[in-house]
2 protein chains.
Amino acid sequence: MQKGKASIQFEEPPIIAGMASVAGKKEGQGPLGHLIDVIEQDDMCGKDNWEAAESAIQKKAAELAMKKSGAEKRDIRYLFAGDLLGQLIATSFGIVDLEIPMFGLYGACSTMGEAMALGAMTVHGGYGDQVISMASSHFATAEKQFRFPLAYGNQRPFSSTWTVTGCGAVVIRKGGRGVARITGVTTGRIVDFGARDSMNMGAAMAPAAVHTIRQNFEDFDVDETYYDRIITGDLGEVGKKILLDMMKEEGHNLESLYMDCGIEIFDKNTQDTHAGGSGCGCSAVTLCAMILPKIQAGEWRRVLFLPTGALLSTVSFNEGQSIPGIAHGVMIEKI
Amino acid sequence: MQKGKASIQFEEPPIIAGMASVAGKKEGQGPLGHLIDVIEQDDMCGKDNWEAAESAIQKKAAELAMKKSGAEKRDIRYLFAGDLLGQLIATSFGIVDLEIPMFGLYGACSTMGEAMALGAMTVHGGYGDQVISMASSHFATAEKQFRFPLAYGNQRPFSSTWTVTGCGAVVIRKGGRGVARITGVTTGRIVDFGARDSMNMGAAMAPAAVHTIRQNFEDFDVDETYYDRIITGDLGEVGKKILLDMMKEEGHNLESLYMDCGIEIFDKNTQDTHAGGSGCGCSAVTLCAMILPKIQAGEWRRVLFLPTGALLSTVSFNEGQSIPGIAHGVMIEKI
């Protein structure tokens, strides 16, 4: 059960019974657009403000994930959910109508990994037969929360990423048929290399991702050959380079099997997203739209899914603090 | 194991091996002052800003809880922690040096209940032998985050509460000797009665507390006579009245066994705190300083500890949204 220093191996792996992805127009125009369940053409989703739009996206994703996995609201015992905003307002207002007991989580863009880890632990521990794990972000709510008013038309350096508008939700079930299984988790710790550039989040998160990958290898006594793919959340082009360099220094060549959701979800040549996508929704949507279907189809048999979070806040940032990172690893395998 | 709709009964109840409370000067001058482990005379804790002070308080509480329970840093498998601030910055910077795998939580002032529920589930599930559950708040960081700059000297209505500066931390262990045991949990869901007054958080949270108490009674097929005390987190004088009225309407008379940490921690006649204390630290400090010692001493044998959270955010508030509430119940008994 406990494996090494920070990991859990599930003897009876919880099943991902179904998943759903809901995203914005720009994500719909990207390389994964045809794989995403629902594309919202209006980034306001017909609501009065962006936060309410993000809430609407969360609700839609949760409801669709239940529908696709044949579960009713009353079958879901717990909800593990979070977003990027202060006090998780997108989540609070998004899931209130579902009336499901709820654990609110904050792991910055690593939240989907945290939610899946706790969801799988809960189901495997016998505390519930079915739970939902989900995370969302919205380009406009995140810019408002962390950077500049959109109306400023602020210039963005090439190291910056573009927050994904979207939500991914999975229903995790104790057993039975499903899409894939969760065989283990490696929980990240906060890693602070002193990065201070909020327009270069990849650099802030890469060391945390390296730490969790290294911990996963150590805890399970494996190396990169154990996996078909190792997929980080939103390191983007800059973070990818740092991660590959750092891993290479430790003797691990990840070139051929490494992917990053942030690089997959947008086309950097045509979509002007610079280093790639980011936000809780980036890894959550990519997981549900692309990664899980590929595992279900047998194209990949074993994936280390590793949402990465930069613990940025305007308050700590303005006080001259660094941006620590955290990454939570989830081992997903073909059934 | 699963009990009713939203509860868990632990067959082998996890043990609270030790606890620590660290609080500010004002809390030290209150009725619980002599029971709190460490009183910081300087609300800045010698740091450059309030957020760093809150981080320092978190770190001190975690270290003292480990010391008092005879655990080393390396013995603690996971940390379940949170605070009130956007992106959990008090927590991120407070616990980074502990180098413990970490689940970041946000449940507003209900966070200590959420952390203890997940901590107990983790230990009972065999995922770790020892974990820490903790939560903090700081008067000045919270005012800055949610209300007005302190320098405005803003007037506060009598329904308002005073955010506690402090942190409570417990070490939860699989078995062995300890202070008390966690026999069950009831997980709250978000309850929105449409409260819109950020200066009256008690009214926003009381319906959520009532919902979780009702759910706990239903799931375990008990009523108020099952408990020696039912103790909410920070409803204050206004929320207390609402809760007692609502429960009475349902035929439950809680008068003689109900308490609220927010009412206990300050002296309303001399400390000018109006309706009482609030913040994640309010219930966490009161738990560690007063509730657990009384259970250990046998004065109370069974307590329903119920931290209550108001999901307030300036962003949603300014957009005209209501303030939903959530409350997480933890059943704590004498060993």
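Over all chains, the structure holds 10 aromatic pairs. Here, rings of Phe, Tyr and Trp (its six-membered ring) pair if their centres lie within 6.5 Å, and planes under 30 degrees apart count as stacked, over 60 as edge-to-face and the rest as tilted. Take A:Tyr78 and A:Phe103: their ring centres are 5.4 Å apart and their planes stand at 50 degrees, so this pair is tilted. A:Tyr78 belongs to strand β5 (residues 78-82) of chain A and A:Phe103 to strand β6 (residues 102-104) of chain A, so the pair ties together parts 25 residues apart in sequence. Strands are DSSP runs of E with at least two residues, numbered from the N terminus.

Please keep in mind that this is a predicted model, where local features need pLDDT of at least 70, side-chain atom pairs count only at pLDDT 80 or more, and totals for chains, interfaces and linings use all residues. Residues are numbered from 1 along each chain as its sequence is written, chains are lettered from A and ligands numbered from 1 in the order in which they are written, and side-chain values use heavy atoms, leaving out hydrogens and water.

Both partners are buried: A:Tyr78 has a relative accessible area of 0%, and A:Phe103 is also at 0%. Buried means under 20% relative accessible area, exposed over 50%, and partly exposed in between (1.4 Å probe, protein chains only). Together with A:Phe80, these two residues, A:Tyr78 and A:Phe103, form one aromatic cluster.

In chain B, B:Tyr226 and B:Tyr227 make an edge-to-face pair, 5.2 Å centre to centre with 85 degrees between the planes. B:Tyr226 is partly exposed at 27%, whereas B:Tyr227 is buried at 4%. The charged end of B:Arg302 sits over the ring of B:Tyr226, 3.7 Å from its centre; this label requires NZ of Lys or CZ of Arg within 6 Å of the ring centre and within 35 degrees of the ring normal.

Definitions and conventions
Helix = DSSP H or I, 4+ residues; strand = E, 2+ residues; numbered from the N terminus.
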